Amino acid sequence: MKVIIANWKSHKSWAEAQTWLEEFAEKSALTSKDLTVVLAPPMPLVAAVAEWMKWKKFEGLQLGVQDLSPFPPGSYTGATSIQNLEGLPVKWAILGHSERRRYFHETHQQVANKVEQAVTAGITPVVCVDKEDITSQFVAIEPQFLSKCLVAYEPAAAIGSGNEEPVAEVTNVIEKMQQTGKPRAFMYGGSVSAGTVAKYLEVTSGVIVATHSLDVDDFINLLQAAD
Ligand code: PGA
């Protein structure tokens, strides 16, 4: 089974999201049973997307979030705890994205704490790691939690740039990471497009797609190329 995660980052209003969803439901007709397609919208839209899916009886997408609180429910203003997501069909959490590490100064330990929160709630963590000093980015995650994680190799220079990482390098890095810990599986992210998705799926369990997930036709092309 291959996973494709659409990471919308901080893009889209609810009106734009709804248009995307309507068109996706109309046009996607996912043919492959082996493809798990996950939408990770911005946090304020997660409940609305869930409601829309329920109302439309639409099961073509699974739901993910782009972050989680490293703390249990409590007095942590602005943070989204696992309790806040209870009752919503959130199955995936992107954690430790390089943009969170860079702009929000997330530490390896905070990412490890987020992983623990996700696992406690039955949410699959997708831990992103950048190129530099790679294994230290998930070494704080205890083995029993790491075994539930997908680790996504996302070199920052490849993100949003059109300069995707060569497949041979992705394979190299995954082999190195395998010597450090035992996550459930490995993914890749960074400028994945319809033209490149198939080659990454050959060497990983899935991809994270941001830029080419924003336009619905672009994303559907990518899914068709992945099939
Ligand atoms: P991109 O981003 O697809 O725009 O390169 C990937 C990511 O940041 O997860």
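Ser 81 touches Ser 69, Phe 71 and Pro 73, leaving aside residues up to four places away in sequence; contact here means heavy atoms within 4.5 Å. Ser 81 sits in the loop between β3 and β4. With a relative accessible area of 6%, Ser 81 is buried (buried is under 20% relative accessible area, exposed over 50%, partly exposed in between, with a 1.4 Å probe and protein chains only).

The model is predicted, and local features need pLDDT of at least 70, side-chain atom pairs count only at pLDDT 80 or more, and totals for chains, interfaces and linings use all residues. Residues are numbered from 1 along each chain as its sequence is written, and side-chain values use heavy atoms, with hydrogens and water left out.

**The barrel**

Eight strands close into a barrel in the order β1-β2-β3-β4-β5-β6-β7-β8, with parallel pairing. On average, neighbouring strands of this sheet are turned by 25° against each other, direction ignored. Helices (H or I, at least four residues) and strands (E, at least two) are DSSP runs, numbered from the N terminus. Two strands pair if DSSP finds at least two bridges between them. Strands β5 (residues 124–129) and β6 (residues 150–153) pair in the parallel sense over four bridges. In this pair, Val 126 stands opposite Leu 150 in β6.

**Helices and their angles**

Axes are lines fitted to C-alpha atoms, for helices over the stretch in contact, and angles run from 0 to 180 degrees between N-to-C directions.

| Helix | Partner | Angle |
|---|---|---|
| α2 (residues 43–55) | β3 (62–65) | about 170° |
| α1 (residues 14–27) | α8 (residues 216–226) | about 35° |

The axes of α1 and α8 are 10 Å apart. Among the residues making the contact are Trp 20 and Phe 24 of α1 and Phe 219 and Leu 223 of α8.

**Helix α6**

Helix α6 (residues 167–178) has twelve residues and reaches 17 Å from its first C-alpha to its last, close to the 16 Å expected at 1.5 Å a residue; the expected span is 1.5 Å times one less than the number of residues. Its buried residues are Val 167, Val 170, Val 173, Ile 174 and Met 177. They cover an arc of only 120° around the axis, so they lie on the same side of α6; the arc is that of the directions from the helix axis to the C-beta atoms. On the other side of α6, Ala 168 and Lys 176 are exposed. The buried residues of α6 pack against β5, β6, β7 (185–189) and α7 (197–203).
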